[in-house]
Amino acid sequence: MRWPFFSARARRDAELDEEIASHFEMAVQDRIARGEDPREAAYAVRREFGNVLRVKEVTRETWGGAWSEQIVQDVHYSLRTLRRSPGFALVAVLTLAIGIGATTAIFSVLNAVVLQPLPYPEPDRLVWLWETTPEGNDFAVSERNYLDFRDQTRAFQHLSAAVDREVTLLGAGEPERLGAAAVTPNFFSALGIQPSLGRTFLLEEARSRVAVLSHGLWQSRFGSDPGVVGRAIRLTGEPYTVVGVMPSGFAAPGDPELWLPLAPSPDAERDDHQLYLIGRLAPGATLESAATEMRAIASRLSEAYPASNGGWSVRLLSLRDRLVGADLTRTMWVLMGSVGLLLLLMCANIANLLLARGVSRRREMGLRVALGAGRGRIVRQLLTESLLLSVTGAALGLLMANAGVPLIKMLLPAGTPRLQEIRVDGLVLTFALAASLLVGLLFSLFPAIQASSADVRAALQDGGRSTSTGGRRVRDALVVSEMALAMTLLVAAGLLTNSFLRLQQVETGFAEAEVLAVPLSLSGRQFEEDGAMDRFLAAAEERIGGLPGVTAVGATNVTPLGGGGTVVDLSVEGRPSGPGETSFARWRSVTPGFFRAAGIRVLRGRGLEPPDFQPDAPAAVVVTEAFANSLFPAEDPIGRRVAVGVNGTRWRTIVGVVEDVRDIGLAESPQPLFFMPGTGGWPWMTVLVRTTADPAGLAGAVRREIWSVDPTIAIPTVEPLAARKRRALVGPRFNLLLMGGFAAVAIVLATLGIYGIMSHTVVQRTREMSIRIALGARPARVVRMVLGRGARLIAAGIGLGGIAALSLAPLLGALLYETPPVHAPTFILTALLLGIVALASACIPALRAAGADPATALRLE
Amino acid sequence: MAKEAHPVSRIEFLQGTLDLIVLQTLRWGPNHGYGISQHIRTHSRDVLQVETGSLYPALHRLAKQGFITATWQISENKQRVRVYELTAVGRRHLAAERTRWGQFSEAVAGLLNAPLAEGGA
């Protein structure tokens with residue numbers, strides 16, 4: 001290969017050539033001078049020289065230190081070889097791009113959500129604190145308890161409290177409802193992040209009307225105005241002053257868009273629990289020591305205030321555990337493992353392609369060995385070829401992953417913690433590079449060794465037609481492993497499908513197809529008066545009820561499938577109550593039309609009727625079946641009385657039992673629920689509109705009717721319950737789609753692998769098959785004989801895959817709803833499916849060969 | 001080097017000895033590769049014939065080690081030839097190697113000529 005002459009190495013090569021040539025010349029001249037015939041002289045000298053190329057090669061090796069130049073040489077040679085088989089190169093690079101791209105994309109999510117520490121200074125010093133009920137359930141913290149905790153703790157440097165709020169930002173255009181958090185002034189000090197503009201709350205501002213904006217809100221609503229500090233804004237009808245803006249990338253639990261100050265009051269009810277606490281450990285304290293101290297404080301409070309705190313304790317967890325739970329962590333690792341399996345599958349496929357190519361390159365290899373190439377050199381060059389493929393594939397894959405990150409962020413369930421932090425950063429890049437190198441080495445190693453150990457004479461003689469048995473065993477092993485991997489991924493997809501289908505069929509108790517849900521935030525001066533909310537709702541419901549197609553309108557305080565919930569203690573009349581003896585249930589506040597609007601059937605007794613909503617009516621409640629079964633297992637609850645609170649005094653009569661309602665989440669079992677008439681001053685109510693027409697079409701009209709009653713109400717979303725249910729399925733659907741995608745790719749690859757190996761076998765045995773057919777064997781019999789090997793490989797692969805799936809399936813446990821990990825029908829169906837598809841693809845080359853004219857086939861030998 | 005009959009790589013054969021012979025040849029004066037091989041043939045009365053496959057790696061190796069230098073010159077036939085010359089370092093190395101070779105060959109000769117009377121191995 002002629003190099004451009006400016007390379008030092010090229011000059012030395014040229015000089016060596018010249019030196020040898022001049023030696024040759026002089027030797028020939030001498031012989032001619034002695035009287036030999038010029039041609040004979042030339043022959044004689046050439047014979048004496050021996051292998052000139054080898055001489056030059058060995059001489060060059062004494063120069064040493066040229067290995068960087070050798071690598072460049074290898075790269076050029078590899079590029080030339082790959083250019084000669086563009087089809088193979090394209091398939092390999094694309095396969096790698098998809099494999100490495102997908103793996104990198106999933107890794108970027110795993111990285112951001114699970115691996116990276118939280119974006120605060122010293123994040124493992126941050127602690128989340130719950131109170132726990134006497135039954136041991138996690139619960140929010142009450143203001144007075146918080147104050148005691150804060151004042152008595154030594155383990156915390158900062159202990160802050162927060163509560164999620166919703167506010168309405170008023171200004172130009174529609175009122176905008178924002179998620180906000182009211183936090184004690186030391187909240188930002190606890191997290192340790194400084195604002196990018198202005199400042200955070202001062203201690204004395206705990207009661208002031210000041211606000212800190214999030215970076216996102218500052219950009220979207222205030223146009224990134226640097227002069228926003230000091231500006232006045234209207235929140236829910238009140239004037240507030242902006243004092244600061246948090247930096248971009250600052251994330252707080254719940255992703256609030258702005259922060260307001262919180263001033264826990266010593267006069268608040270001790271048993272009104274609304275806050276969550278975030279604290280930073282003092283130097284020297286650990287999570288365990290802090291937990292011990294806080295539990296001691298809680299137990300002192302329990303003794304001092306038995307009525308409100310009796311039996312209550314606290315639970316501390318690291319902030320990280322609270323935000324990224326064990327479930328999510330496990331899901332991410334499962335996805336990572338699956339995509340890793342897929343990458344392995346792709347490597348096996350490419351290795352197979354390389355092995356096949358190696359067979360056709362035996363002649364080339366034989367020549368190179370004959371010309372003096374050392375075995376190490378050949379292996380090195382083949383490795384270079386593979387690394388070139390894998391690095392190119394990885395670069396492409398990285399571009400795909402980078403482009404895919406916004407797509408992933410869109411597809412992931414909205415509530416995924418740390419969603420905003422997902423990006424392709426240094427660690428992800430390193431991972432992609434490492435993966436590509438590993439992959440390149442993996443799939444190149446044995447084809448390289450196989451190719452370089454070619455028997456020179458054999459290769460040059462038979463033109464590379466036959467295959468050594470060693471190579472065949474390796475290819476068989478590759479195909480079996482491909483089948484096994486495909487089987488594993490398919491089983492996983494099958495299990496997830498089963499789980500998803502069951503989840504989809506869950507009965508929520510609501511008539512989803514006909515109902516429109518309108519969550520409202522009833523905060524603001526106009527609602528402070530007693531009964532104002534009920535009056536507003538009654539007026540709104542009446543106006544909406546007048547719209548065409550509407551059959552019923554009602555409201556409830558918990559948006560169906562919206563998450564969130566409310567639990568209280570209950571006393572049952574006639575039963576002793578006290579710490580350890582209490583029952584508890586979830587409550588709902590509803591308006592008169594609720595049961596009809598939601599489509600909840602009354603099983604026994606009656607629903608809540610308009611008379612129950614009168615101010616002086618006897619207190620009535622309606623309960624669900626789960627409530628009846630849990631609190632009144634052996635008796636009829638109708639007529640019995642319950643009261644809210646451990647020693648409640650306001651007794652309410654149970655007047656009816658309705659069917660179970662699942663309004664928190666699809667996967668939970670029905671909870672004991674009771675319905676009370678009237679809003680009770682709860683500021684977040686959801687109006688349900690039942691209609692015979694398509695619910696979505698009514699959205700605009702409903703909005704207008706509500707605004708005609710009060711134009712300052714923010715109405716962020718109006719959507720059919722069916723859509724809410726679909727959204728609740730987003731997480732499981734995402735897992736299913738992803739795993740399904742992997743499984744589909746796996747089937748395709750495994751099928752291609754089987755097809756390839758069968759084609760190869762058929763080519764080898766064409767002669768044999770034709771002879772048999774010519775001698776009278778039935779084509780079908782011959783085909784069956786050839787297929788035998790393919791079928792054995794398929795069966796072995798499926799069997800191995802089944803075993804692997806059996807042992808790995810329990811890892812999926814957390815992701816499955818009402819589907820046992822070892823679900824026999826799924827396994828059997830999957831095995832059958834894969835087996836049939838693989839067998840079919842193996843048949844094609846066999847049938848084609850059997851159909852060929854035996855005479856033609858024999859003649860082509 | 002005697003001509004070998006079997007197809008073993010001839011490069012490594014008695015490498016150290018070849019170096020010694022090449023350096024000694026250059027002691028007579030600068031010479032090119034062909035000249036060196038002819039000189040060795042002549043002065044060993046046709047017993048030793050160095051193959052180019054051994055000679056050139058040796059020459060380049062010795063040049064790399066600094067015992068000889070190479071320059072391009074024009075020969076009498078107006079040809080460009082690469083001429084090697086012994087360096088001062090090379091001269092010293094040659095002297096040392098000659099001494100070592102002398103000791104070695106004396107020792108071997110002594111073993112081969114040991115009187116049979118003593119002990120009779």
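Modeller: What follows goes through the interface and then turns to the aromatic rings.

The model is predicted. At the interface, 19 residues of chain A are in contact with 21 residues of chain B. Between them the two chains bury about 1,900 Å², and 57% of this area lies on carbon and sulfur atoms. On the chain A side, the residues that lose the most area to chain B are Glu19(A), His23(A) and Met26(A), which together account for 32% of what that side buries.

The rule finds 2 salt bridges across the interface of chain A and chain B. Glu18(A) forms a salt bridge with Arg80(B), and the closest N and O atoms of this pair are 2.9 Å apart.

Which helices of chain A each supply at least two residues of the side that touches chain B? They are helix 1 (8-33), helix 2 (38-49) and helix 3 (52-63). Helix 1 of chain A gives the largest share of that side, 11 residues. Sorted by kind, the residues on the side of chain A that touches chain B are 8 nonpolar, 5 polar and 6 charged.

Now the aromatic rings. A pair of aromatic rings is described by two values, the distance of the centres and the angle of the planes. Over all chains, the count by this rule comes to 16 aromatic pairs. Trp128(A) and Trp130(A) form one such pair, with 5.5 Å from centre to centre and 70° between the planes, and this pair is edge-to-face. Trp128(A) and Trp130(A) are both buried.

In chain B, the ring centres of Trp101(B) and Phe104(B) lie 5.8 Å apart and their planes are at 45°, so this pair is tilted. Trp101(B) and Phe104(B) are 3 residues apart in helix 4 (residues 88-112) of chain B, so about one helical turn separates them. Trp101(B) has a relative accessible area of 42%, so this residue is partly exposed.

Back in chain A, one aromatic cluster is formed by Tyr120(A), Phe187(A), Phe188(A), Phe201(A), Phe250(A) and Trp259(A).

Notes
Residues are numbered from 1 along each chain as its sequence is written. Chains are lettered from A and ligands numbered from 1 in the order in which they are written. This is a predicted model: local features need pLDDT of at least 70, side-chain atom pairs count only at pLDDT 80 or more; totals for chains, interfaces and linings use all residues. Side-chain values use heavy atoms; hydrogens and water are left out. Contact means heavy atoms within 4.5 Å. Buried area is the accessible area (1.4 Å probe) that two parts lose on being put together, summed over both. A salt bridge is a side-chain nitrogen of Lys or Arg within 4 Å of a carboxyl oxygen of Asp or Glu. Helices (H or I, at least four residues) and strands (E, at least two) are DSSP runs, numbered from the N terminus. Ala, Val, Leu, Ile, Met, Phe, Trp, Tyr, Cys and Pro count as nonpolar, Asp, Glu, Lys and Arg as charged, and the others, Gly among them, as polar. Rings of Phe, Tyr and Trp (its six-membered ring) pair if their centres lie within 6.5 Å; planes under 30 degrees apart count as stacked, over 60 as edge-to-face and the rest as tilted. Buried means under 20% relative accessible area, exposed over 50%, partly exposed in between (1.4 Å probe, protein chains only).
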